[in-house]
Amino acid sequence: MNRLQSTLAALLSSLALLSPATHAASTAASTAADLREQIGETDPDTGPAFNFNGFSFTNQKAFVDSGARCSTRHVTDFEQRMLDAAHGQWLSERSAEGRAASLRPAGSVTVPLWFHVIRKGTGAANGDIPDSQIASQINVLNAAYASTPFRFTLAGTTRTTNTTWYTMTPGSTAEKQAKAALRVGGAGTMNLYAANIGQGLLGWATFPSDYTRSPSMDGVVVLNQSLPGGTAAPYNLGDTATHEIGHWLGLYHTFQGACARNASTGGDLVSDTPAEKSAAFGCPVGRNTCANLAGNDPITNFMDYTDDSCMDNFTGGQTTRMDTLHQQYRPTP
């Protein structure tokens, strides 16, 4: 192992040693400062009260500001730089060995998906999602990822009655127990858990680089009513799963790093997503929060916080990032 590899390995290991909680497979932002760093200063909102899954917020802005829109852990600037350096080193080594990480054609990588229904009893009123709704969710995923290498196929469905797991939250004992009991497969297998998750949350995911540290926690958790046809409007067309699987494949939010952090990428390490100062909500057409940089905010991108009906694309740069990170961390046998 050369000096750069050794340095990167030591730094990445130190992240887990210095702050194990930060590197729990999925951890909600715990303070107002954490949330502000992750989400940014969102737009003013004079809209009506926003009622969501039994919780009432002053308006939709308050819901987004609460951190409930996405509870995937925030990757700090330091960790992002270390992971990016490690990925760059991996790409360089592959190239030097004569087996460069070439981009794979659309639809060429099959991702087996295990769908775990966690319910409090039988019947729809108890979170017992029907097979038809699961099929609709997979159809939504495959439409969203149609321009990427990834195709999701249902490998199996589990149904578990457990009232504690039913309302699990990120990093909780309930989440750890549920995943330890239910998770199937290795790094390349998508495990999607649907439940009436607690605290009014929509969902969360783990990143590819988290797998080695905590393989049992790998996967995506979504609110069951966010599936197509659910009651979690305006987030009930199935794109919460689309967004969270984007994290599982290595994408950051489009507003990561805001405007000035990196003028060429906006902080998400993707060059063709215009920089964005903060998370968007609703569908604010023409929003431009980084006026000094090219392009309006990417409000229709699956990695923003807009309504499901507003989201419709991943960029070519995001596809490249997902593809190469999948080859590094979730290789197909």
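**A loop alanine and the rings beyond**

Modeller: Happy to! Alanine 232 sits in the loop between β7 (220-223) and α7; helices (H or I, at least four residues) and strands (E, at least two) are DSSP runs, numbered from the N terminus. Keep in mind that the model is predicted, so local features need pLDDT of at least 70 and side-chain atom pairs pLDDT 80 or more, while totals for chains, interfaces and linings use all residues. Residues are numbered from 1 along each chain as its sequence is written, and side-chain values use heavy atoms, with hydrogens and water left out.

With a relative accessibility of 5%, alanine 232 counts as buried (under 20% relative accessible area; exposed is over 50%, partly exposed in between, with a 1.4 Å probe and protein chains only). Setting aside neighbours within four places in sequence, alanine 232 is in contact with Phe52, Leu223, Gln225 and Ser226, contact being heavy atoms within 4.5 Å. Leucine 202 is 30 residues from alanine 232 in sequence, and their C-alpha atoms are 8.7 Å apart.

Phe52 leads us on to the rings. Ring pairs join Phe52 with Phe50, Phe57, Phe63 and Tyr235 in a cluster. Rings of Phe, Tyr and Trp (its six-membered ring) pair if their centres lie within 6.5 Å; planes under 30 degrees apart are stacked, over 60 edge-to-face and the rest tilted. The structure holds twelve aromatic pairs. In one of them, the rings of phenylalanine 50 and phenylalanine 63 have centres 5.1 Å apart and planes at 45°, so the pair is tilted. Phenylalanine 50 belongs to strand β1 (residues 50-52) and phenylalanine 63 to helix α3 (residues 60-65), so this pair ties together parts 13 residues apart in sequence. Both phenylalanine 50 and phenylalanine 63 are buried.

Another pair is tyrosine 145 with phenylalanine 314: with centres 4.7 Å apart and planes at 40°, the pair is therefore tilted. Tyrosine 145 is in the loop between α5 (131-144) and β4 (150-161), and phenylalanine 314 in the loop between α7 (239-248) and α8, so the pair ties together parts 169 residues apart in sequence. Tyrosine 145 is buried at 0% relative accessible area, and phenylalanine 314 is buried at 8%.

One more ring to look at is that of tryptophan 248: arginine 330 lies over its face, at 3.8 Å from the ring centre. Here a charge sits over a ring if NZ of Lys or CZ of Arg is within 6 Å of the ring centre and within 35 degrees of the ring normal.
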